[in-house]
Amino acid sequence: MTDQAQHLTPGTLPASLRERMEHARRCGAIQFMQTCLDVIEQEGIPFQVRIMESLAKKATAASGGANVNPFLPCDPDLFVAPISPTHLALLNKFNVVEGHLLIVTRSFEDQCCQLTQKDCEALLITLTEIDGLIFYNAGREAGASQSHKHFQLLPLDAIGPIPIEPLFRFAHPDEMVGTVPKLQFRHAYAGMDADWTNPEKLSGASFHACYRQLLHTAGLSVEAATGSHALTAPYNLLVTRKWALLVPRSRERFEDISINALGFAGTFLVKDQRQLETLRRMGPLTALRHVSFPNPA
């Protein structure tokens, strides 16, 4: 990649994403995973549950062997755009939602490592370009299927309203980082500063400080070193242009259902009718409490 391709040209990511999606369809580089959508309402939250019977096949194909890194080198048919000197935007090879984007470090960094200011800069650049839900699965227990550090983005115009979002109106508005009383598991919440997605602002350092405060408020260790080799315990991070939510994780699965960050947005992916009925019987909030930690007394 040339020096001229180290930075994203502002305003170009949506068009690059559309063009690359069309190309990847034509050449068969991406696979669209058909799902059926169901809704399970619990405590006023309309949890979305997508049934994808090819989920097991996806997991097998995505793994490709224990030592295979699908991002080094990346598939040129999946390359969308440079984001920064440290990050690239790629298509997700296995699409459930149109426009599913991966933001990947150019060189290997572990998915369990603490986020750096460069990670936060890349996240904000992407979110400025595309109004979406960015999520991050820090570690296997948080639902990560790849060990190479990467964020994921789902465009809001493809996924619609985020089921859990109405609860955030109960957050304390006078706190930059705090909690949401209605959430029944340990977490940390922050409202997003509008300047963080202003392309004229350099906000990576400010958002990185917020991220570190989210870790602290959620009860996770915040290492003195801010480099990419400082490890953290498993957690999920979700970020939109309006808010950020961080949830420490205790385990990956509820029963045999794998849960990643999207569960805490109110969206589950199950592989068959039996798993759907498990969620319906036990309740999605029960599942989320099972894979996280209790709120502090």
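Two strands pair when DSSP finds at least two bridges between them. In this predicted model, strand E13 (residues 243-248) has such pairings with two strands, E11 and E12.

**Strand E13 and its partners**

E11 (residues 188-191) runs antiparallel to E13, joined by 4 bridges. Within this pairing, Tyr189 has Leu245 as its bridge partner. E12 (residues 235-239) is also antiparallel to E13, over 5 bridges. Here Tyr235 stands opposite Pro248. E12 and E13 make a hairpin, with 3 residues between them.

| Strand paired with E13 | Bridges | Sense | Residue and its partner in E13 |
|---|---|---|---|
| E11 (residues 188-191) | 4 bridges | antiparallel | Tyr189 and Leu245 |

Is E13 buried or exposed? 6 of its 6 residues are buried, so the strand is largely enclosed by the rest of the structure. Trp243, Leu245 and Val247 point one way. Ala244, Leu246 and Pro248 point the other way. Both sets are buried.

**Helix H5**

H5 (residues 204-217) has 14 residues. Its first and last C-alpha lie 20 Å apart, close to the 20 Å expected at 1.5 Å a residue. Its buried residues are Gly204, Phe207, His208, Cys210, Tyr211, Arg212, Leu214 and Leu215. An α-helix has 3.6 residues a turn, so residues three or four places apart point the same way.

What covers the buried residues of H5? The cover includes helix H3 (117-129) and strands E10 (177-178), E11, E12 and E13. Just after H5, Gly219 takes a positive phi of about 85 degrees.

Conventions:
Residues numbered from 1 in each chain as written. Predicted model: local features only at pLDDT ≥ 70, side-chain atom pairs only at ≥ 80, totals over all residues. Heavy atoms only, no water. Buried < 20%, exposed > 50% of the residue type's maximum accessible area, 1.4 Å probe, protein only. Expected span 1.5 Å × (residues − 1). Contact = heavy atoms within 4.5 Å.
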